[in-house]
Amino acid sequence: MMVGIPRAMLYYRYKELWETFFSKLNIKIRISEETNKKILNDGINFSVDESCLPSKIYMGHVYSLIGKCDYILIPRVVNYGEGNSVCVKFNALYDIVRNTFGNIKILTYNIDMENGCFEKKGFLNMGKVLGKSYLDSIKAYKNAKQAQRTCNRRKADIQNKIMDRKDKLKILIVSHPYNIYDKLIGYPVIQYINKLGGTPVFTDSIDRRQSLAESKDLSKSLYWLYNKELIGSIKLVEDKIDGVILLTAFPCGPDSLVNELIMRKSKKIPTINIICDELQGEAGLQTRIESFMDIIIEKSEKYNCLKRDESDFAAGY
Amino acid sequence: MNRILQQVISFPHMGNYHVPITNLLNHLFKNHIVLPAPPITKRTLELGSRYSPEFVCVPFKYNLGNYIEALENGANVLIQAGGGCRFGYYAEIQELILRDLGYDFRFIKLFGNKLNYYKLYRLSRTLGSDVSYPQFLYYALLTKKMIEKIDVIEEYIRENIGFETQENSFEHLQEEFLNELIKVNTIKSLNKTYKKYSGLLQSLPADKPGDCLKVGIVGELYTLMEPYSNYFIEKELAKNKIQVSRFITVSFILFEKPRLKKRILKETGGYLEFEIGADGTDSVAKSTMLAKKGYDGIIHIKPFGCTPEVNAMPMLQNIGKDYKIRYFISVLIPRHPRPA
């Protein structure tokens, strides 16, 4: 028995949870490769033109798994309780895949807490579908939850250490994990920041519960959980970072409005909005990040040591 | 208190629904002025687009344009509703944008799961309404009935206007009907008006062949219902002697859908196992229905980047294939104002 997991969308949020759950149940998993040009092209072919970039990539990943495993894991998420819903794309991914690829076996669980569909219930149900006993699944689920928690804490610890360093420019990348860690969307951005002598700080490594609480300061009526965590995390680490990159995939629905909110309400730190689409040119991206970081260095007095001499430019730095 | 100031209440447009809303607000706020936003023109969209975020959906821009024009006309209380997709977050961002533009106004947001008649009543009291709760309920009922009647009349017009023998006869009658509705005070007089005009409509000469082309329209609610935003697609179709049907109306969304959630999911005929958010589910359900009824074509309208409707597209494509619908088009309402 082999369960395929597309390396896109919610994978980056639930990596440990899924991996531990299946390994505790003695089920092999197959995670699709890192996003590459082929996956992207397949994804574009199998999706509606106007879908957002991450969902196109998702379709590519699903396609790459077809025929290589018995089940493909596609969760459906609607809300995590009242006032904590997610983008409707997550409501529909399951049905979109089903309608696009026809007969493939999909393993799914449904999180719709307002209507009584909890994560635990969904996981137990998955265990049943896979032919495991109730006790085994519940044990695996508990272990998986624990693993996820430990991992999140570890990530937060590492990040806190990075944020305390004073010798490097710290750029907060505000974006969904499926953008930040994607090889085609976020990876080049991270690479450039590192190359230019900065340190990227990731929103998803910041404690989620605290971020959620903080987000209330910026907006009371915002109801997308993932976006609440994003804006909350900006507020939380505002004093420790030097710049914010809002990395948005085109045309993300929630982000289109929430970016506007961030731009208008948080004016303390320099902020730049980078929009990625499938026709992304790398040169343009590099120039934008470079000039953004230069501006921060020029403006702040903290980083006098990082300021470049004119001669650097002359030497073709 | 700042109540001393005269309040001018305004709201954005959608189709002809400004009539029942104006009627309701007139009844609730006798001391205030109710001023619907000026009719949508090219300028509305241009204004809206200028101040909107880059890739927000089109209804946001229309609404924003409406607000700006209403504020220019002196409105100081604006009303916005909310929905399941991005629509629910319109209000906050629009308020931010308008405040940054330097306008002074009060913004009323009508949404949330726990919205009920009593809460609406309390809200109207804080805005300076002096009707009692029973009266409030009566007017709410009147508005509900009025919306239903408008939808029934418009459905008939939509299906027959293409075959009118006298030019513009249907439109004139519809205009008269709406003008009379604004002044309606009781449910009884509403029923009377409705009977009068539905009789008049049915007596209008029309030569409709039995085998005319039938086209159904589904899609995102705002671009469906606001003719300006869909470039008067219904009118254009009717001009070509096509019977046009549309089942997504305000009375469907507000009054029927909440009751029938499970049934709508069943009506999708297996294309959907779960709801796909906002009105995407309806689009699939209604398309299945249209396909089963043997319609010749289905037109799917959506603004650029509307996630629920984009979600619905793979299913709609499958429906088109499975039922062998002759014409299946998806109309995309672009992000930018069209060139003149």
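This is a predicted model: local features need pLDDT of at least 70, side-chain atom pairs count only at pLDDT 80 or more; totals for chains, interfaces and linings use all residues.

Modeller: Residues are numbered from 1 along each chain as its sequence is written, and chains are lettered from A in the order in which they are written.

Biologist: How many cavities of 30 Å³ or more does a search of the whole structure find?

Modeller: On a 1 Å grid over the protein atoms alone, a cavity is a set of points where a 1.4 Å probe fits but cannot get out, and its lining residues have an atom within 4 Å of a point. Grid points are joined across faces, edges and corners, and a volume is the space filled by probe spheres set on the points. With a threshold of 30 Å³ or more, the search finds seven.

Biologist: Which helix gives the most to the lining of the largest cavity?

Modeller: The largest cavity has a volume of about 200 Å³ and is lined by 25 residues. Helices here are DSSP runs (H or I, at least four residues), numbered from the N terminus. With three residues, the greatest contributor is helix 10 of chain A.

Biologist: Between which domains does the second largest cavity lie?

Modeller: This cavity holds about 140 Å³ of space and is lined by 16 residues. Domain bounds come from an automatic or database domain assignment. Both domains give residues to the lining, so the cavity lies between domain 1 (2–145) and domain 2 (156–305) of chain A.

Technical notes
Side-chain values use heavy atoms; hydrogens and water are left out. On a 1 Å grid over the protein atoms alone, a cavity is a set of points where a 1.4 Å probe fits but cannot get out, and a pocket is an open set with protein on both sides within 12 Å along at least five of seven lines; lining residues have an atom within 4 Å of a point. Helices (H or I, at least four residues) and strands (E, at least two) are DSSP runs, numbered from the N terminus.
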